[in-house]
Protein chains: 2
Amino acid sequence: MSNTKALPLIEAGSATAAPCCPPLTERPFTADEAETAAPMFKALGDPVRLRLFSAVASHEGGEACVCDISDVGVSQPTVSHHLKKLKEAGLLSSERRGTWVYYRVEPSVLAAMGKLLTAAPTGPTGPTR
Amino acid sequence: MSNTKALPLIEAGSATAAPCCPPLTERPFTADEAETAAPMFKALGDPVRLRLFSAVASHEGGEACVCDISDVGVSQPTVSHHLKKLKEAGLLSSERRGTWVYYRVEPSVLAAMGKLLTAAPTGPTGPTR
């Protein structure tokens with residue numbers, strides 16, 4: 001239930017979302033922040049990976065193994081490959097149980113990514129700043 | 001102030017966020033939904049583009065031209081190239097004023113992307129991990 005290593009966003013150790021970075025609208029990202037956050041966006045930037053991610057994220061119990069995912073139109077090895085990529089990006093964690101590896105969304109990482117995209121509560125006039 | 005075409009996420013015509021897709025945690029994405037949403041994530045999946053995006057998003061008035069952005073460590077043509085990519089992905093709109101093209105974040109698209117990443121209020125205990 002918790003090989004929660006490799007989660008670049010939440011090294012701070014908070015259980016809730018402790019993103020690496022402020023909302024994108026708050027101030028320009030530093031190079032380091034961008035290097036940390038970009039791989040997570042990139043991981044979701046492929047249609048097949050995005051489908052797989054949402055298949056895991058919406059699966060019963062919030063986790064799924066390759067054996068649960070068969071309707072994305074790609075082979076099982078390809079599914080495994082993409083799930084591994086999502087894990088490397090810190091978006092999924094995994095746990096082996098018997099023959100299968102079960103993948104689970106890291107809700108804190110998801111929340112942190114969502115926060116990055118939170119527009120400042122201003123609107124047409126922009127983030128004021 | 002409003003060449004708001006090419007915004008795949010908000011074709012429904014609502015001024016507020018009308019995402020193409022439900023939250024990633026709600027149900028598996030269809031192929032069409034994934035094809036629509038993935039390019040936006042991909043556009044933010046490059047560190048330089050991510051920095052440029054946040055530079056525009058956080059700039060005074062919520063808009064910026066290439067002339068405003070000089071501290072990302074890449075040449076102006078490269079900046080222009082990446083801003084165009086972000087525009088093609090629907091994340092920025094642009095307007096030419098005099099010699100310069102001004103880019104502005106599409107808040108509704110940002111909000112829609114944020115919504116995709118909103119964890120369903122179920123999970124183990126929601127965003128608490």
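A disulfide here is a pair of cysteine sulfur atoms within 2.5 Å. With that cut-off, the structure holds two disulfides over all chains. Keep in mind on this tour that the model is predicted.

**Stop one: a disulfide in chain A**

Select Cys65(A) and Cys67(A) and show their side chains. A disulfide joins this pair, with an S to S distance of 1.8 Å. Now turn the view to look along the S-S bond: which hand does the disulfide of Cys65(A) and Cys67(A) have? The torsion about that bond is about -55°, so the disulfide is left-handed.

**Stop two: the two chains together**

Zoom out and colour chain A and chain B separately. Chain B can be laid on chain A by a rotation of 180° with 0.0 Å of shift along the axis, and the RMSD is 0.0 Å. That is why you are looking at the relation of a two-fold axis. Both copies use the same surface, since 90% of the contact residues of chain B recur in chain A.

**Stop three: the interface**

Next, select the residues of each chain that lie within 4.5 Å of the other.

How many salt bridges does the rule find across the interface of chain B and chain A? The answer is zero. Polar contacts do occur between the two chains: the count is four residue pairs, both residues at pLDDT 80 or more.

**Stop four: the chain B side**

Methods
Residues are numbered from 1 along each chain as its sequence is written. Chains are lettered from A and ligands numbered from 1 in the order in which they are written. This is a predicted model: local features need pLDDT of at least 70, side-chain atom pairs count only at pLDDT 80 or more; totals for chains, interfaces and linings use all residues. Side-chain values use heavy atoms; hydrogens and water are left out. Copies are superposed by least squares on the C-alpha atoms of residues with pLDDT of at least 70 in both. A salt bridge is a side-chain nitrogen of Lys or Arg within 4 Å of a carboxyl oxygen of Asp or Glu. A polar contact is a pair of N or O atoms within 3.5 Å; within protein, one must be able to donate a hydrogen and the other to accept it, and residues adjacent in sequence count only if both atoms are side-chain atoms.
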